[in-house]
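Subject: Structure handover

Hi,

Here is the structure I promised to pass on. Please open it first, then read my notes on the pockets, the cavity and a few residues.

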Amino acid sequence: MDLILSSVSQGLLWSVMAIGVYLTFRILDIADLTAEGSYPLGAAICAVCLVKGVNPFLATTLALVGGMLAGLVSGFLHTKLKIPALLTGIVTLTALYSVNLKVLGKANVTLLRKETLVSLLQDFGLSKLAAVLLLGVVVVFLVVGLLTFLFNTRLGLALRSTGDNIPMSEANGILVDRMKIYGYMLSNGLIALCGALLAQNNGYADLNSGTGTIVIGLASVIISEVVLRNLRLGYRLLAVVLGSILYRLIILAILTLPGMDADLVKLSSAILLALVLFIPELQKKLALPRSKAFDATLKKGV
């Protein structure tokens with residue numbers, strides 16, 4: 001039970017990053033790899049601030065701002081320099097490796113005996129697991145609530161319109177490049193926030209902690225879409241949270257398999273993502289009537 005609750009708490013914290021990935025991947029229809037650089041950036045900024053005695057709330061906020069600045073860079077490269085989105089992410093995350101190293105000063109920074117958001121909650125008599133669960137629930141509902149409010153404003157509707165149909169958005173006077181930059185900033189700010197929260201939970205910030213974060217984010221998004229579909233935006237964001245929790249539980253189940261090597265977790269995550277991405281296509285094929293499926297097969301020449 002402790003392992004399950006721990007996975008749920010981890011899923012809640014990771015869901016903040018998954019929501020950030022969702023904003024670019026689904027709302028703006030952009031494949032952004034900046035996540036693998038902005039996640040450790042948030043962890044690095046928060047850890048260094050905490051080591052220097054900065055208030056945990058301020059340190060976490062600074063991590064959020066740092067991620068937004070990383071998103072601003074990616075947005076500028078993509079919209080103003082016309083670099084393709086995929087290459088934009090690669091360029092930014094490559095640059096952020098050096099930035100993160102400079103911020104940390106070394107490969108990793110420990111937060112042993114430093115005041116964090118988790119330790120502040122523990123001061124009220126909560127266990128670490130209960131503190132992390134409470135922190136995750138509060139942050140998730142704040143993020144989902146604020147995003148739901150934002151996407152029902154004129155700015156939020158313009159962001160959604162930009163992702164749905166750029167020519168139509170331009171025809172209605174929406175500055176699509178500016179909307180894309182806002183989307184990049186919002187997404188990477190949340191991803192960096194996730195890095196800061198997990199650094200405080202784990203007790204350290206590591207330079208290479210961002211490796212594979214995009215896989216975790218995409219897997220959480222796709223799982224949520226497989227489990228729950230055709231939802232309004234606010235409920236879709238909550239579905240992403242559920243997808244993140246389910247992803248952590250699936251990883252836990254894989255790790256508890258007899259003879260499972262912990263070094264193969266990343267490989268298992270990649271295989272899981274591939275299978276999850278295939279499920280919507282499989283559902284389409286199974287939904288085809290037999291005659292249409294037969295005609296489709298003939299057209300392919302099989």
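Start with the largest pocket. This is a predicted model, and 24 residues line that pocket. Nearest its centre lie T60, V139, L142, V143 and L193. The largest share comes from α6, with nine residues. The space in this pocket is about 590 Å³. What is the lining made of: nonpolar, polar or charged residues? It divides into 21 nonpolar and three polar residues, with no charged ones.

Next, helix α6 itself. It covers residues 128-150, which is 23 residues. From first C-alpha to last it reaches 32 Å, close to the 33 Å expected at 1.5 Å a residue. Its buried residues are A131, V132, L135, G136, V139, V140, V143, V144 and L147. Look at the spacing in that list with helix geometry in mind. An α-helix has 3.6 residues a turn, so residues three or four places apart point the same way. What do the buried residues of α6 pack against? They pack against α1 (2-27), α5 (117-122), α9 (176-202) and α11 (233-255). Two of them, V139 and V143, are on the buried list and are also among the residues nearest the centre of the largest pocket.

Now the second largest pocket. Its volume is about 440 Å³. It is lined by 25 residues, and the closest to its centre are W14, Y39, S209, I216 and K266.

- helices α1, α2 (35-51) and α9
- strand β2 (204-206)
- helices α10 (213-227), α11 and α12 (265-287)

The lining here holds 14 nonpolar, eight polar and three charged residues.

A search of the whole structure finds one aromatic pair. The ring centres of W14 and Y39 are 5.2 Å apart and their planes meet at 10 degrees, so the pair counts as stacked. W14 sits in helix α1 and Y39 in helix α2, so the pair ties together parts that are 25 residues apart in sequence. Both W14 and Y39 are buried.

The largest cavity has a volume of about 40 Å³. Its lining is L23, I27, L28, F151, L159, G183 and L186. Helices α1 and α9 each give two or more residues to it. Six of the lining residues are nonpolar, one is polar and none is charged.

T24 lies in helix α1. Is T24 buried or exposed? Its relative accessibility is 3%, so it counts as buried, the cut-off being under 20%. Leaving out residues up to four places away in sequence, T24 touches D29, I30, D32, G183 and S187. Of these, G183 also lines the largest cavity.

Best wishes

How values were computed. Residues numbered from 1 in each chain as written. Predicted model: local features only at pLDDT ≥ 70, side-chain atom pairs only at ≥ 80, totals over all residues. Heavy atoms only, no water. Helix = DSSP H or I, 4+ residues; strand = E, 2+ residues; numbered from the N terminus. Expected span 1.5 Å × (residues − 1). Buried < 20%, exposed > 50% of the residue type's maximum accessible area, 1.4 Å probe, protein only. Contact = heavy atoms within 4.5 Å. 1 Å grid on protein atoms, 1.4 Å probe; cavity = no way out; pocket = protein on both sides within 12 Å on 5 of 7 lines; lining within 4 Å. Points joined across faces, edges and corners; volume = space filled by probe spheres on them. Nonpolar A, V, L, I, M, F, W, Y, C, P; charged D, E, K, R; others polar. Phe/Tyr/Trp six-rings, centres within 6.5 Å; stacked < 30°, edge-to-face > 60°.
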